[in-house]
Amino acid sequence: APMIMSSKFEFDYQYFYGTSENIPAKIEVEKLIELSGIPGAFSYSYIYSTWETEAITAQQLRQNIGLALACVFLVSLVMLASIPICFMILFVVSLTLIDIIGFLHFWDISIDFLVCTYVVLSIGLCVDYAVHIGHAYLIQKGSQTEKAIGALTSIGPAVLNGGITTFLALVLTAFSRSYIFIAFFKVFSLTVCLGLFHGLVLFPVMLTLAGPTDTEEPHEDTDTKDKDEPDTDTDTKDKAGHSNDGFN
């Protein structure tokens, strides 16, 4: 009988719900092959690459979001020079990201490497809505409520117009049949809508309740001379006439 050079047999995996089940199943199969003692034996399936990508994507998504949020805080701190405002901006951006990822689940979009890239890019858009409101709040005068209202009336319409024009630029991708453009539209349309909501509705409410107040007291000019008192520097000789020392 000829020597058997290679052989294979097929088996089916059960349906798994995420990387918490499929990766352990793959590892268990590799352990069984190792225990069999068959030299050069290995398991292969086209789905393995997808499973490994999903496992790496979850870790990389958390890492990239953390780094991006750290950059948001540092840049906001340098530009605004207000720690309370920076923490509020960080909270608003984080809440926007949580809402985006949550809505994607109900919009039939899974977190793959493509959506992971879109989510990280969306941080740069949603932070823009909050930073403008925070900067406008800092340059306003008055109480917390007055400063929040002044920020909304001064820069709010411009922020809203920017969000609307950004959404109009995304509308055409909604009619595409490509998954790349469909995922692009869903992620960034959620970014615009949720970013505007948190930036123009939630953030001003937070500023009204816990925003920093003006610490400078009104400056009063204190002149050494009293305006009601006559000028003491006036020469008393002028009252009696001009004195010419040449005739003395």
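This is a predicted model: local features need pLDDT of at least 70, side-chain atom pairs count only at pLDDT 80 or more; totals for chains, interfaces and linings use all residues.
**Chat: helices and ring pairs**

Student: OK. What is the secondary structure of the protein chain?

Tutor: Seven helices and zero strands. Along the sequence the pattern reads α-α-α-α-α-α-α.

Student: Back to α3. What span should helix α3 have, and what do its end C-alpha atoms give?

Tutor: Helix α3 covers residues 83-106, which is 24 residues. At 1.5 Å a residue, α3 should span 34 Å. The end C-alpha atoms are 35 Å apart, so the two values agree.

Student: Which residues of α3 are buried?

Tutor: I85, C86, M88, I89, V92, V93, T96, L97, I100 and L104.

Student: And what do the buried residues of α3 pack against?

Tutor: Three helices: α2 (47-80), α4 (113-139) and α6 (179-210).

Student: Switching to aromatics. How many aromatic pairs does the structure hold?

Tutor: Seven. One of them joins Y118 and F184. That pair is edge-to-face, with 5.5 Å centre to centre and 80 degrees between the planes.

Student: Where do Y118 and F184 lie?

Tutor: Y118 is in helix α4 and F184 is in helix α6. The pair therefore ties together parts that are 66 residues apart in sequence.

Student: Is Y118 buried or exposed?

Tutor: Y118 is buried, at a relative accessible area of 10%. F184 is partly exposed, at 26%.

Student: Why is the pair of F184 and F188 called tilted?

Tutor: The ring planes of F184 and F188 sit at 45 degrees, so the pair counts as tilted. Their centres are 4.6 Å apart. Both residues are in helix α6, four residues apart, which means about one helical turn between them. F188 counts as buried, at 6% relative accessibility.

Student: Which residues do ring pairs link into a cluster?

Tutor: W107, F167 and F185.

Student: What about charges: where does the charged end of K26 sit?

Tutor: Over the ring of Y48, 5.1 Å from the ring centre. K147 lies over the face of Y137, at 4.7 Å from the ring centre.

Student: Now the whole chain. How much of the protein chain is buried?

Tutor: Buried residues make up 31% of the 248 residues. The chain exposes about 17200 Å², and carbon and sulfur atoms supply 63% of that area.

Student: And the contacts: what share comes from residues 24 or more positions apart?

Tutor: 70%, counting contacts with a separation of 6 or more.

Methods. Residues are numbered from 1 along each chain as its sequence is written. Side-chain values use heavy atoms; hydrogens and water are left out. Helices (H or I, at least four residues) and strands (E, at least two) are DSSP runs, numbered from the N terminus. Buried means under 20% relative accessible area, exposed over 50%, partly exposed in between (1.4 Å probe, protein chains only). Contact means heavy atoms within 4.5 Å. Accessible areas come from the Shrake-Rupley method with a 1.4 Å probe; for residues, only the protein chains shown count as cover. The expected span of a helix is 1.5 Å times one less than its number of residues. Rings of Phe, Tyr and Trp (its six-membered ring) pair if their centres lie within 6.5 Å; planes under 30 degrees apart count as stacked, over 60 as edge-to-face and the rest as tilted. A charge sits over a ring if NZ of Lys or CZ of Arg is within 6 Å of the ring centre and within 35 degrees of the ring normal.
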